[in-house]
Structures are given as structure tokens and as C-alpha cells.
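Good morning, and thank you for making time for this item. Please bring up the sequence and the model.

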Amino acid sequence: MGWLLYAMAGLPALILALHAISALLPRRPSQLSAYLARLVSSIVALLLCASYGVVASIVLRLVGYGGLSQWTVARAFKWTMWVFTGVTFRVNDGGRIEGGRRGGEDALLTRPAVFVGNHQTELDVLLLGCVFPKYCSVTAKKSLRLVPVLGWFMALSKSVFIDRANRATARAAFDGAAKHMRSERQSVFIFPEGTRSYSETPELLPFKKGAFHLAIQAQVPIVPIVAANYSDVLNFKKRIFNAGIIDVSVLPAIPTTGLTAADADALTARTRDAMMNELIRLSYLGKENGAPLPRATGADLSREELRKRS
């Protein structure tokens with residue numbers, strides 16, 4: 001028990017010391033010190049909120065509101081990370097309309113739905129914290145179930161665990177998720193790239209089709225969520241971790257009513273194209289007095305080059 005108390009006292013002291021040192025050192029060592037300070041802060045925040053999530057999930061399930069478990073922990077993580085690291089994600093596009101369907105905060109109210117987002121780094125856990133809607137669960141690789149505290153919380157809060165090495169069990173998990181979505185009106189959040197890109201430019205990896213088959217099977221809409229490239233905030237390769245606000249767009253829901261498994265490829269392509277276009281748009285926005293502005297001229301050429309690479 002003594003080691004736990006020392007750790008609880010020592011970690012905040014270490015974080016404060018790293019921040020203090022970063023203010024005194026030259027640029028490169030200062031950057032590394034700030035990187036380590038925010039990295040340790042993020043791990044502490046994740047463990048604190050996962051621990052809270054274990055208790056919250058048990059209590060909410062007992063009172064009949066288990067579907068809110070991941071939402072309440074997501075919000076706790078959002079504010080904890082903002083205090084600990086000065087990093088947050090902000091939904092900034094609420095005016096887009098497509099086929100009578102609105103994007104932005106309005107689209108986050110779609111229920112049930114399959115929410116899909118671009119996957120850049122481990123910081124996307126905070127993306128979930130900032131945009132996660134009520135009555136929604138994440139999908140995760142099966143191995144995470146074994147991680148102490150975090151795995152316990154995810155299991156108690158009804159995450160959909162997928163064994164990617166076993167096609168049969170993965171399909172069974174999605175079948176169960178589709179039934180649960182229809183009966184409980186519970187949404188699901190999936191990163192269709194399947195892994196983190198760690199890209200320093202606005203790029204998307206190829207999409208896996210599981211999310212789109214699930215949406216078609218459950219006959220629920222796809223809601224695309226796009227975070228701007230944030231390699232200026234977090235870049236593991238360059239040991240950069242800065243405070244900052246990362247812009248996020250929530251696109252209008254894409255309906256799947258009447259679609260069949262044969263339409264999964266087209267639905268996947270349509271969603272990826274919409275997300276890639278929005279990712280490029282976000283990458284060419286500047287900020288002046290809080291208002292978005294187009295960046296420098298020559299962006300069109302860069303857009304075309306990025307499109308070819310995608």
C-alpha cells in the first residue's frame with residue numbers, strides 16, 4: 001500500500017518538475033520535457049477515468065442506465081485531459097446540411113447509428129471523450145479485455161470486442177452488436193481504418209468494411225466524424241506533445257435503409273470520400289480571432305496531390 005501512496009504523490013511532483021524544467025531549457029530539450037510531462041499526465045488521466053468507469057458502470061447497470069456508462073466516462077476524460085494537458089477536441093461545423101440532414105452537434109444526436117472516425121494516434125481516446133454521444137459503445141480488439149482497469153471498464157460498459165484474427169468470432173460479435181443496436185437503440189463507434197495512421201499530413205488509411213456491414217445489417221445510418229490532422233499537437237516520432245484545441249467536423253448522417261450486403265463497398269467508398277474531402281478542408285483552415293479562414297494560395301494543388309496519395 002505504501003508504494004501506491006508514494007506513486008500518487010510522486011507522479012504529480014514529476015509532472016510539475018518536467019513542466020518547470022521545460023520553461024528553463026533550450027528549445028529541443030524543453031520540447032522533450034514538455035512531451036514527457038503531458039505523456040505522463042495523459043496516462044494518469046486515463047487510469048483515473050478508467051477506475052471511475054469501473055465504479056460508474058456497475059452503478060449505472062444496477063439502476064438501469066448501463067447504456068450511459070461510456071458517455072459519462074468519456075466526459076470525465078474530456079475535462080480531466082483539458083486540466084492535465086491543455087488538449088481538447090472541438091466540434092466546429094454545425095451548419096452543414098445534406099439531403100435535409102444536418103451535421104455538427106445535431107448529427108451526434110442520431111440514435112442508433114454507427115459513428116465512424118479517422119484514427120491518427122492514441123490521443124483519439126480523447127476524441128471519443130469530447131464527441132462521444134449518449135447511449136453509445138466502442139468496438140475494441142479482444143486483447144484489450146485483459147488490460148487491468150481499462151479492460152474491466154470496457155467489459156462492464158458493454159464494449160464490442162472483436163477478435164481480428166478469427167473471422168467467425170468477429171462476424172458473431174457484429175451480429176450480436178446489430179441485434180443489440182436494434183433492441184436497445186444503442187449506437188456504436190468504430191475506427192474503420194482499423195489502426196492508427198500516425199500521419200503528419202491529412203491522410204486516411206484504407207477502410208475495413210466491418211462498420212458498414214454492421215450499419216447495413218442493423219439498418220441504421222453512418223455518421224462520419226473527422227478530426228483535423230493534429231501532428232502539431234502530438235507527434236510521437238518527433239517527441240512533440242503541445243497543448244491545443246483540435247477541430248472536429250461531424251458530417252450529416254448517411255442513411256442505409258434498404259441497402260443490402262451487396263452495397264457495402266459503395267457505402268464504404270462514399271463515406272471515405274466524404275471524410276477525405278472534409279479532412280483536406282480542415283487542413284486548409286486557418287484561425288483569425290476564432291474564425292476559420294482559407295490558408296495560403298496554392299492549396300488546390302496540394303489538395304490534388306493529397307487526393308492522389310489517398
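Predicted model: local features only at pLDDT ≥ 70, side-chain atom pairs only at ≥ 80, totals over all residues.

Which residue follows H8, and what is its phi? The residue after H8 is Gln219, and its phi is positive, near 55°. Residues are numbered from 1 along each chain as its sequence is written, and side-chain values use heavy atoms, with hydrogens and water left out.

Let me give the overall description. The chain has 10 helices and 13 strands; helices (H or I, at least four residues) and strands (E, at least two) are DSSP runs, numbered from the N terminus. Of its 310 residues, 47% count as buried, where buried means under 20% relative accessible area, exposed over 50%, and partly exposed in between, with a 1.4 Å probe and protein chains only. The accessible surface comes to about 15700 Å², and 61% of that belongs to carbon and sulfur atoms; these areas come from the Shrake-Rupley method with a 1.4 Å probe. Among contacts between residues at least 6 apart in sequence, 74% join residues at least 24 apart. Contact here means heavy atoms within 4.5 Å.

I return to H8. The buried residues of this helix are Ala211, Phe212, Leu214, Ala215, Ile216 and Ala218. Gln219 then lies in the loop between H8 and strand S8 (222-227). Most residues other than glycine have a negative phi, and most peptide bonds are trans. Gln219, although not a glycine, has a positive phi of about 55°. Because its relative accessible area is 35%, Gln219 is classed as partly exposed.

What does H8 pack against? Two packed helices are described by the angle between their axes and the distance between the axes. Helix H8 (residues 210-218) packs with helix H9 (residues 264-283) at an angle of about 120°, with the axes 9 Å apart. The axes are lines fitted to C-alpha atoms, for helices over the stretch in contact, and angles run from 0 to 180 degrees between N-to-C directions. From H8, the residues Phe212, His213 and Ile216 meet Ala264, Leu267, Thr268 and Thr271 of H9. That set divides into 4 nonpolar, 3 polar and no charged residues. In this scheme Ala, Val, Leu, Ile, Met, Phe, Trp, Tyr, Cys and Pro count as nonpolar, Asp, Glu, Lys and Arg as charged, and the others, Gly among them, as polar.

Leaving out residues up to four places away in sequence, Ala178 touches Leu214, Gln217 and Ala218. Ala178 and Leu214 are 36 residues apart in sequence, yet their C-alpha atoms are 6.2 Å apart in space. Ala178 counts as buried because its relative accessible area is 0%.

Is Ser187 buried or exposed? With 1% relative accessibility, Ser187 is therefore buried. Its side chain reaches the backbone nitrogen of Ala113 at 3.0 Å; a polar contact is a pair of N or O atoms within 3.5 Å, and within protein one must be able to donate a hydrogen and the other to accept it, with residues adjacent in sequence counted only if both atoms are side-chain atoms. Beyond neighbours within four places in sequence, the contacts of Ser187 include Arg111, Pro112, Ala113 and Tyr135.

Arg111 and Pro112 are joined by a cis peptide bond, with omega about -10°, and Pro112 sits in the loop between helix H4 (105-108) and strand S4 (114-117). Tyr135, in the loop between helix H5 (124-131) and S5, has a positive phi near 55° and is not a glycine. Tyr135 is partly exposed because its relative accessible area is 21%. In H5, by contrast, 7 of the 8 residues are buried, among them Asp124, Leu126 and Cys130.

Finally, I turn to Arg145, in the loop between strand S5 (136-141) and helix H6 (150-156). Its relative accessibility is 40%, so Arg145 counts as partly exposed. Residues up to four places away aside, Arg145 touches Gly151, Ala155 and Phe161.
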